Amino acid sequence: MSATGEKVTVRTLQKMKEEERPIAMITAYDYPSGKLADQAGADILLVGDSLGMVVLGYDSTIAVTLEDMIHHTKAVVRGAQRSLIVTDLPFLTAHLSREEVLKAAGKLVQEGGAHAVKIEGGEEILSGAKACIQAGIPVMGHLGLTPQSVHQLGGYRVQGRDKETAAKLLRDAQLLEECGAFALVLECVPTELSDEISKSVSIPTIGIGAGGSCDGQVLVYHDILQYGSNLQPSFVKKYAFVGDQILEGIQHYVREVRQRVFPEKKHGFHLSSQQVKDLYGGKPGGTMDGGR
Ligand code: KIV
């Protein structure tokens, strides 16, 4: 949260980098997650296309559509008051023509209510990113493990371990800064490289599986809360176990329904004795109150 409780903007984030105040970002996908993450003080809510995996049950982010992203962004926006809301451009979109990229980003902002968009990729997405920035749409970059390219990368694996790929990541980070991106996600890159990148760009870097030298951190809501998430990446720290609590709660409810423990009298609606009399001639056991 901005120290003053004011709305977080791209300027707030830049100032946080300059003042070496760590940025806390988390994904959110709907009204309750947006509301809770905002209340908890997260600076940035990312409506990530990871929603394909943790909310919609796909095995990658590839099937997620622009309409999905707009739908979920709207819900997060309704829940949040203060955090900056950033939405992912879905699979392939950033590789279309400048006009198509701009149109898609425009919909996320105008229809969805996002404050900014995140685009996966480096040099290859610069022209679309520039089109957005020139049109007044802030762009967050995303380098390293870019999940939309999972097939090209040969799986969800650490990036930038060799000289060539590390040099490309550093160059891409600098190009994104030059093109006007306001921040940069670094996913699954060695800490030494994210340290180097974070020092060599003046925009904030936000790490996920990228060590502690980034200017901020991002994790997936369902992962840190253990909320129905099957993936257990080693870089995730678990802060709560809500999936277990939900399971126990629902099992308890099912048991009580089967045993007729629920509902109790207080969970129903009742007529006065006079109303029962008027309606059913005062016979106890009339249909409306079940005889209670
Ligand atoms: O979609 C997403 O949740 C992301 C984060 C993992 C950075 O891109």
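Start with β3: Leu84, Val86 and Asp88 point to one side of this strand, Ile85 and Thr87 point to the other, and all are buried. Buried here means under 20% relative accessible area, with exposed over 50% and partly exposed in between (1.4 Å probe, protein chains only). In a regular strand the side chains alternate between the two faces of the sheet. Because 5 of the 5 residues of β3 are buried, the strand is largely enclosed by the rest of the structure.

Before going on, note that this is a predicted model, in which local features need pLDDT of at least 70, side-chain atom pairs count only at pLDDT 80 or more, and totals for chains, interfaces and linings use all residues. Residues are numbered from 1 along each chain as its sequence is written, and side-chain values use heavy atoms, with hydrogens and water left out. Helices (H or I, at least four residues) and strands (E, at least two) are DSSP runs, numbered from the N terminus.

**The barrel**

Now select the strands β1-β2-β3-β4-β5-β6-β7-β8: they form a closed barrel of 8 strands with parallel pairing. Neighbouring strands of this sheet are turned by 25° against each other on average, direction ignored. Two strands count as paired if DSSP finds at least two bridges between them.

Walk along the pairs from β2:

- β2 and β3 run parallel and are joined by 4 bridges; look for leucine 45 opposite isoleucine 85 in β3.
- β3 and β4 run parallel with 3 bridges between them; here threonine 87 stands opposite valine 117 in β4.
- β4 and β5 run parallel, joined by 4 bridges; isoleucine 119 has glycine 141 in β5 as its bridge partner.
- β5 and β6 run parallel, with 5 bridges; glycine 141 stands opposite leucine 184 in β6.
- β6 (residues 183–187) and β7 (residues 205–208) pair in the parallel sense over 4 bridges; leucine 186 stands opposite glycine 207 in β7.

Next, colour the helices that pack on this sheet. Helix α4 touches β2 (44–47) and β3 (84–88), and its direction makes about 170° with that of β3. Helix α8 (residues 163–179) touches β5 (139–144) and β6, and its direction makes about 175° with that of β5. Contact means heavy atoms within 4.5 Å. Axes are lines fitted to C-alpha atoms, for helices over the stretch in contact, and angles run from 0 to 180 degrees between N-to-C directions.

Stay on β5 for a moment. With 6 of its 6 residues buried, β5 is largely enclosed by the rest of the structure. The chain reaches β5 from β4 by way of α6, in a right-handed β-α-β crossover. Right-handed means that, with the strands pointing away from the viewer, the path from the first strand over the helix to the second runs clockwise. β3, α5 and β4 also make a right-handed β-α-β unit.

**Helix α6**

Select residues 126–134, helix α6, whose buried residues are Leu126, Gly128, Ala129, Ala131 and Cys132. What do the buried residues of α6 pack against? They pack against α5 (98–112), β4 (116–120), β5 and α8. Just after α6, glycine 136 takes a positive phi of about 95°.

**Histidine 72**

Move to histidine 72, in helix α4 (residues 66–79). Is histidine 72 buried or exposed? Its relative accessible area is 11%, so histidine 72 is buried. Not counting residues up to four places away in sequence, histidine 72 touches Tyr29, Val47, Leu51, Val55 and Leu56.

**The cysteines**

A disulfide is a pair of cysteine sulfur atoms within 2.5 Å, and by this rule the count comes to 0 disulfides. Select cysteine 179: the closest cysteine sulfur, in cysteine 132, is 9.1 Å from its own sulfur, so the two are too far apart for a bond. Cysteine 179 counts as buried, at 9% relative accessibility. Cysteine 214 is in no disulfide either, and the nearest cysteine sulfur, that of cysteine 188, is 11 Å away. Cysteine 214 counts as buried as well, at 10% relative accessibility.

**The whole chain**

Finally, zoom out and colour by domain. The domain assignment, which is automatic or from a database, gives domain 1 (10–240) and domain 2 (246–281). The centres of domain 1 and domain 2, taken over C-alpha atoms, are 47 Å apart.
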